[in-house]
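Here is a short briefing on one protein chain.

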Amino acid sequence: MTDRAIAPVLATASLLAITVVLGSTVALLAIGAPADPTPTASISVGADAADDRIVLEHHGGDVLDVSEIRLRVTVDGTPLDEQPPVPFFAADGFRGGPTGPFNLKGGTTWSAGDAAAFRVASTNAPGIDDGDRVSVEVYANGGLVGSATATA
């Protein structure tokens with residue numbers, strides 16, 4: 001008769017152990033789940049010192065969600081004091097609004113064949129002079145999507 005008194009205790013302990021193991025497995029799978037991969041794109045940059053204009057062209061690769069894009073612009077290795085907030089219109093450090101998908105009214109995606117341009121204001125440093133190397137890095141989903149360099 002003592003065997004019957006132990007059976008409910010063993011059953012409860014077994015169910016508890018199974019629950020802990022399954023819960024741990026689910027937690028490990030959720031924590032170890034890979035993040036969305038960083039998109040990639042082939043881009044080029046052009047810089048016009050006379051107009052303080054930077055043009056980025058998307059030549060191929062993934063379609064990019066404009067709201068996820070972050071740009072880092074450098075002139076001869078020095079980052080602009082004010083980086084372009086994408087998408088934007090009238091932002092500190094920039095003249096007017098950008099054209100193409102970086103404009104608030106320019107759509108929500110940047111895909112192959114699309115060009116975006118913006119003009120750096122004289123209040124933003126460093127300025128763009130003839131012969132300067134202008135580099136732009138494009139980030140999305142926390143990773144580097146592409147980069148390009150041009151001489152103004």
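Helices (H or I, at least four residues) and strands (E, at least two) are taken as DSSP runs and numbered from the N terminus. By that numbering, Ala-152 sits in the segment that follows strand 10. The model is predicted.

**Overall make-up**
- The protein chain holds one helix and 10 strands.
- The protein chain has 152 residues, and 33% of them count as buried.
- Its accessible surface is about 8,900 Å². Carbon and sulfur atoms account for 57% of that surface.
- Take the contacts between residues at least 6 apart in sequence: 57% of these join residues at least 24 apart.

- Four strands make up an open sheet, ordered 1-2-8-6, with antiparallel pairing.
- Strand 1 (41–48) and strand 6 (94–99) are the edge strands, and each pairs on one side only.
- From one strand to the next, the twist averages 15 degrees.
- Strands of a sheet pair through backbone hydrogen bonds, in either a parallel or an antiparallel sense.
- Strand 1 pairs with strand 2 (residues 53–61) over eight bridges, in the antiparallel sense.
- Within this part of the sheet, Gly-46 stands opposite Val-55 of strand 2.

**The nonpolar core**
- The largest nonpolar core has 32 residues.
- Which residues touch the most other members of this core? They are Ile-54, Leu-56, Leu-71, Phe-102, Trp-110, Phe-118 and Val-138.
- Two or more residues each come from strand 1, strand 2, strand 4 (70–75), strand 8 (115–120), strand 9 (133–140) and strand 10 (143–151).
- Val-138 has contacts beyond its neighbours within four places in sequence, among them Leu-71 and Trp-110. Both of these partners are also on the list of residues that touch the most other core members.
- Further contacts of Val-138 include Ile-43, Leu-64, Ile-69 and Arg-70.
- Val-138 also contacts Gly-143, Leu-144, Val-145 and Gly-146.

- Ala-152 and Gly-46 are 106 residues apart along the chain. Their C-alpha atoms are separated by 7.4 Å.
- Which residues does Ala-152 contact, leaving aside its neighbours within four places in sequence? Ala-47 and Ala-49 are among them.

How values were computed
Residues numbered from 1 in each chain as written. Predicted model: local features only at pLDDT ≥ 70, side-chain atom pairs only at ≥ 80, totals over all residues. Heavy atoms only, no water. Pairing = 2+ DSSP bridges. Axes fitted to C-alpha atoms, helices over the stretch in contact; angles between N-to-C directions. Buried < 20%, exposed > 50% of the residue type's maximum accessible area, 1.4 Å probe, protein only. Contact = heavy atoms within 4.5 Å. Areas by Shrake-Rupley, 256 points an atom, 1.4 Å probe, with all protein chains shown as cover. Core = buried A, V, L, I, M, F, W, Y, C linked by side-chain atoms within 4.5 Å.
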